[in-house]
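Have the viewer open and follow along.

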Amino acid sequence: MGFTDQRFDVNLSILFTELPLLERPAAAAAAGFTAVELWWPWIDTATPEQSELDALKKALEDAGTQLVGLNFYAGQLPGPDRGAVSVPGEESERFRANIDVAADFAASVGCKALNALYGNRVEGVDPATQDTLALENLVTAARAADRVGAILLIETLNKPESPLYPLVSAPSAIEIVDKVNAATGLGNAKFLLDIYHLAMNGEDVSEVIARYADKTGHVQIADMPGRGAPGTGELPLEQLLDELRKAGYDGFVGLEYKAADAAASFDWLPAEARATR
């Protein structure tokens, strides 16, 4: 078991960011990885030109990398925003405009997981109004994901770093997952289990794994404190990933950690264990 028994992918929105977007897939491939994931790469637009989408598709294909996870439009991320799903007005409209763009792009590159960040609470707006809007948008997103054979992911963040984000516990995200599945009948909404965020919230990660592995559609890791590579902090990441495997999770584990030198940060993972098997 352990790290060598997992299927890892590199998050190209947090690693290799010293390079232009279109050079990052090749950098991940040079480090030995064949699977990658991305936050929505165009933070200024939900509807980029087709030529930009085509260029990213070509970069992924030329590098021999498989995109295994993609965020829907999420506002200024990295930055002050944490998604657009529940944010009334222009941001919600941008999210809706992005749904089919993101789903169609995912389909074009064989990506089977689309992540919809819930969005921050907005001062002066009734939380119940935001939650109603969020459910409407997530139902639409789940249907679009299903259309292209993908799952919809709902993610827990952590309160210290995202104080306005309402989903800061595993149960709060699971509640949304269940509501979306009840509304669509599709069953394709899943939990994005981010070990770093759960640990930052003080949750018992082993207990979350035991309770919710069957509803988990994607996993992300970083060590804590510091959000660095495995081994830079104090989380028993190898043990926790073993627990996930034993609980039946066999999907991808996204490397969503910070490193000044991404290529040098993978020493914890043997080179022969980096390509997807």
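Helices (H or I, at least four residues) and strands (E, at least two) are DSSP runs, numbered from the N terminus. Before going further: this is a predicted model, where local features need pLDDT of at least 70, side-chain atom pairs count only at pLDDT 80 or more, and totals for chains, interfaces and linings use all residues. Residues are numbered from 1 along each chain as its sequence is written, and side-chain values use heavy atoms, with hydrogens and water left out.

The loop between S7 and H8 also holds Arg227, which has a positive phi of about 55 degrees although it is not a glycine. Arg227 counts as buried because its relative accessible area is 11%; the cut-offs are under 20% for buried, over 50% for exposed, and partly exposed in between (1.4 Å probe, protein chains only). As background, most residues other than glycine have a negative phi, and most peptide bonds are trans.

Another cis bond joins Leu77 and Pro78, with omega of about 5 degrees. Pro78 is in the loop between strand S3 (66-71) and H3. Phe16, in the loop between S1 and helix H1 (24-30), is a non-glycine residue with a positive phi, near 65 degrees. Phe16 is buried, at 4% relative accessible area.

**Helix packing**

Axes here are lines fitted to C-alpha atoms, for helices over the stretch in contact, and angles run from 0 to 180 degrees between N-to-C directions.

| Helix pair | Angle | Axis distance |
|---|---|---|
| H4 (residues 127-147) and H5 (residues 170-184) | about 65 degrees | 9 Å |
| H3 and H4 | roughly 10 degrees | within 9 Å |
| H2 (residues 50-63) and H3 | about 30 degrees | 10 Å |

How do you label those angles? Under 35 degrees counts as roughly parallel, over 145 as roughly antiparallel, 65 to 115 as roughly perpendicular and the rest as oblique. With its angle of about 65 degrees to H5, H4 is therefore roughly perpendicular to H5. H4 passes H5 in a right-handed crossing; a crossing is right-handed if the near helix is turned clockwise from the far one by less than a right angle, and left-handed if anticlockwise. Leu135, Leu138, Val139, Ala142 and Arg143 of H4 meet Ile176, Lys179, Val180, Ala183 and Thr184 of H5, where contact means heavy atoms within 4.5 Å. By class that gives seven nonpolar, one polar and two charged residues. Ala, Val, Leu, Ile, Met, Phe, Trp, Tyr, Cys and Pro count as nonpolar, Asp, Glu, Lys and Arg as charged, and the others, Gly among them, as polar.

H3 and H4 are roughly parallel to each other, and H3 passes H4 in a right-handed crossing. The H3 side of this contact includes Phe95, Ile99 and Ala103, and the H4 side includes Leu133, Glu136 and Ala141. Glu136 is partly exposed at 46% relative accessibility.

H2 is likewise roughly parallel to H3, and the crossing of H2 and H3 is right-handed. Leu53, Leu56, Lys57 and Leu60 of H2 touch Val101, Phe105, Ser108 and Val109 of H3, a set of six nonpolar, one polar and one charged.

H3 also carries Asn98, which is buried at 0% relative accessible area. Beyond four places in sequence, Asn98 contacts Trp40, Ala46, Phe72 and Tyr73.

Which residues touch the most other members of the largest nonpolar core? Of its 91 residues, they are Phe8, Phe16, Ile195 and Leu255. Such a core is a set of buried Ala, Val, Leu, Ile, Met, Phe, Trp, Tyr and Cys residues joined through side-chain atoms within 4.5 Å.

Ile195 has contacts beyond four places in sequence that include Val205, Val219, Leu237, Leu240, Leu241 and Leu244. In H8, Leu237, Leu240, Leu241, Asp242 and Leu244 are buried.

Just after H8, Gly248 takes a positive phi of about 105 degrees. Asp250 lies in the loop between helix H8 (237-246) and strand S8 (252-255) and is exposed, at 53% relative accessibility. Leaving out residues up to four places away in sequence, Asp250 touches Arg7 and Arg245.
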